[in-house]
Amino acid sequence: MTLSDSNQPVDFIRAAVLDDSKAGRYPRVHTRFPPEPNGYLHIGHAKAICIDFGIAAEFGGQCNLRFDDTNPVKEEVEYVESIQQDIRWLGFDWEDRLYYASDYFEQLYEYAVRLVTKGKAYVCDLSADEIRRYRGTLTEPGKESPYRNRTLAENLELFARMRAGEFPEGSRTLRAKIDMAAGNINLRDPVMYRIIHAPHHRTGDRWCIYPMYDFAHGQSDSLEGITHSLCSLEYEDHRPLYNWYLDQLEIYHPRQIEFARLNLSYTLLSKRKLLRLVQEGHVTGWDDPRMPTLSGLRRRGYTPEAIRDFCERIGVAKKDSLVDIALLEHCLREDLNRRAPRVMCVLKPLRVVIENYPEGQVEELAAVNNPEDPGAGTRRVPFSRVLYIEQDDFRENPPPKYYRLSPGREVRLRYAYFLQCVDVVKDGQGNVVELRCTYDPTTRGGDAPDGRKVKATIHWVSAAHAVPAEVRLYDRLFVKEDPDEGDEGQDFLAHVNPNSLEVLAGCRGEPGLAGARPGSIYQFERQGYFCVDPDSAKGTLVCNRAVSLKDEWARIEKARRAG
């Protein structure tokens with residue numbers, strides 16, 4: 001059953017599409033996702049992808065993928081390929097409907113000539129700065145270009161010569177002739193074409209004039225028979241211009257509907273600013289796990305299911321708002337809690353020698369793979385005389401309410417035995433480097449036959465069987481909720497978190513991690529969820545922390561309900 005057949009509650013976009021479907025305004029629902037190939041997709045694009053592809057699927061329609069490749073200076077094949085990979089990874093498919101605005105360059109040129117012929121466009125010799133000055137302000141009308149009233153013959157000749165490459169870059173533009181006093185500045189004779197002497201990633205050197213996005217956008221939708229052109233809210237003021245072009249050209253009109261873009265706390269979603277982070281070395285690349293790009297989120301350990309769940313939860317709104325990043329993290333925890341296998345990994349190892357455990361003996365203990373999934377079964381974990389535990393799981397002088405290991409105190413080793421510390425070994429600087437302990441062989445499995453209890457369970461790995469690993473602990477890239485907000489003269493780079501990455505060498509994981517493939521995701525018990533990084537291919541296991549176990553969003557929701 002499609003959404004058009006159901007009575008379930010819908011958002012304002014789905015309500016509009018449902019109304020159009022019931023009224024028979026269009027033969028079927030046809031949407032499109034139109035990225036510019038000038039950067040990598042980010043979590044904000046994921047919201048648009050879920051809306052565009054999701055609505056088409058819900059109404060039994062189709063969704064095109066169309067690259068709006070109208071600026072050869074900023075566009076690269078690398079971006080085209082990464083965008084396709086990211087959309088497929090999210091779980092969506094455009095089938096055989098892959099298009100480019102450059103597919104329509106000849107048709108768009110003919111449309112422009114038609115507007116010139118109708119007296120609705122003219123060639124202008126003003127520079128970009130002069131055009132801006134002539135445009136006016138929100139409170140003052142613009143001023144007409146001195147070239148606005150060129151003859152039809154002169155405009156046609158100059159536009160043809162622009163196409164032929166006779167003029168230098170930036171010397172002339174083709175502008176729509178609308179109204180320099182319009183209240184909507186977008187209607188004050190906008191530029192339709194500009195001269196750019198740069199090769200295009202698809203058309204090479206065949207063109208040296210390129211349509212502006214605002215000219216190509218609506219006509220491309222029309223040529224593809226798009227029924228519902230779903231755009232983010234910043235294009236609402238551009239809709240009258242798109243409609244003007246379509247009306248003047250007397251071609252098919254899609255219906256444009258705008259929605260609020262995603263704004264995420266502690267995150268920037270401007271491709272221009274993300275590019276600065278990359279180019280200035282604040283991150284290692286577009287797929288740095290601290291980046292909000294889909295490739296970065298994937299490398300960090302985010303799953304397409306978690307991202308789609310997040311997009312569904314935030315919904316579709318008409319008004320901009322700030323979404324707490326804790327909700328995105330919560331969606332990932334919920335997904336991985338159900339699916340991620342559990343393993344033990346010691347991030348900051350402290351050597352433990354069990355004095356009463358037989359030397360050379362190794363036991364295989366049963367460990368649960370995922371308590372949320374009984375079908376995941378168990379695994380065998382080796383236990384021996386020398387172990388590693390976390391440094392934080394021992395205190396020589398424990399503070400109040402510290403229940404983990406300390407001299408004379410017992411703890412439970414996960415899946416194993418009760419362990420008691422009997423001695424502490426230190427180096428010359430007084431640092432604890434080894435614990436001498438004893439175990440109770442009657443407590444195998446974690447329970448004492450005499451009924452005594454312990455207040456803490458800690459994880460461990462067998463030293464002789466441990467897999468060396470490098471673990472990268474990622475935190476939020478910015479320290480301010482709104483990185484763009486700051487004192488005068490500051491930009492967003494002033495709020496980059498200097499502690500957004502901590503690299504731990506010398507970590508030790510259980511042997512099941514040997515040979516783990518890049519992209520594999522695990523819960524490191526008591527630590528968080530971790531994803532095997534592609535750098536592991538270089539020989540050493542490298543794991544990225546996707547998210548900690550602590551759920552800030554659950555705490556926020558609990559506080560809201562209590563309030």
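These legends walk through several close-up views of the predicted model.

In this predicted model, local features need pLDDT of at least 70 and side-chain atom pairs count only at pLDDT 80 or more, while totals for chains, interfaces and linings use all residues. Residues are numbered from 1 along each chain as its sequence is written, and side-chain values use heavy atoms, with hydrogens and water left out.

**View 1. The three-stranded sheet E1-E2-E3 is open, with parallel pairing.**
Helices (H or I, at least four residues) and strands (E, at least two) are DSSP runs, numbered from the N terminus. Two strands pair if DSSP finds at least two bridges between them. E1 and strand E3 (98–100) are the edge strands, each with a single partner strand, so one side of each has no neighbour in the sheet. From one strand to the next, the twist averages 35 degrees; axes are lines fitted to C-alpha atoms, for helices over the stretch in contact, and angles run from 0 to 180 degrees between N-to-C directions. Look for strand E2 (residues 62–67), which is joined to E3 by three bridges in the parallel sense. Leu 65 is found opposite Leu 98 in E3. Helix H2 lies across E1 and E2, and runs at about 160 degrees to E1.

**View 2. Seven strands make up an open, mixed sheet.**
The strand order is E10-E23-E24-E25-E21-E22-E11. At the edges stand strand E10 (342–343) and strand E11 (345–346), each with a single partner strand, so one side of each is left without a neighbour. Helix H12 (residues 325–339) packs on this sheet, touching E10, strand E23 (521–524), strand E24 (528–532) and strand E25 (541–548); contact means heavy atoms within 4.5 Å. The direction of H12 makes about 120 degrees with that of E25. Elsewhere in the view, strand E21 (residues 467–474) and strand E22 (residues 501–509) run antiparallel, joined by seven bridges. Val 467 has Gly 509 in E22 as its bridge partner.

**View 3. Strand E16 pairs with E17 and with E19.**
Strand E16 (residues 410–413) runs antiparallel to strand E17 (residues 418–426), with three bridges joining them. Arg 412 stands opposite Phe 418 in E17. The two strands form a hairpin with four residues between them, and in the turn Tyr 415 has a positive phi of about 70 degrees. E16 also runs parallel to strand E19 (residues 457–458), through two bridges. Here Leu 413 has Ile 458 as its bridge partner in E19.

**View 4. Helices H7 and H8 pack with their axes 9 Å apart.**
Helix H7 (residues 213–223) and helix H8 (residues 239–249) meet at an angle of about 60 degrees. That makes H7 oblique to H8, because angles under 35 degrees count as roughly parallel, over 145 as roughly antiparallel, 65 to 115 as roughly perpendicular and the rest as oblique. Residues of H7 in the contact include Tyr 213, Phe 215 and His 217, and those of H8 include Leu 241, Tyr 245 and Leu 249.

**View 5. Tyr 40 and Trp 286 form a stacked aromatic pair.**
Rings of Phe, Tyr and Trp (its six-membered ring) pair if their centres lie within 6.5 Å; planes under 30 degrees apart count as stacked, over 60 as edge-to-face and the rest as tilted. By this rule there are 21 aromatic pairs. In the one shown, Tyr 40 and Trp 286 are 5.3 Å centre to centre, with 20 degrees between the planes. The pair links distant parts of the chain, 246 residues apart. Tyr 40 sits in the loop between strand E1 (30–33) and helix H2 (43–58), and Trp 286 in the loop between helix H9 (271–279) and helix H10 (294–300).
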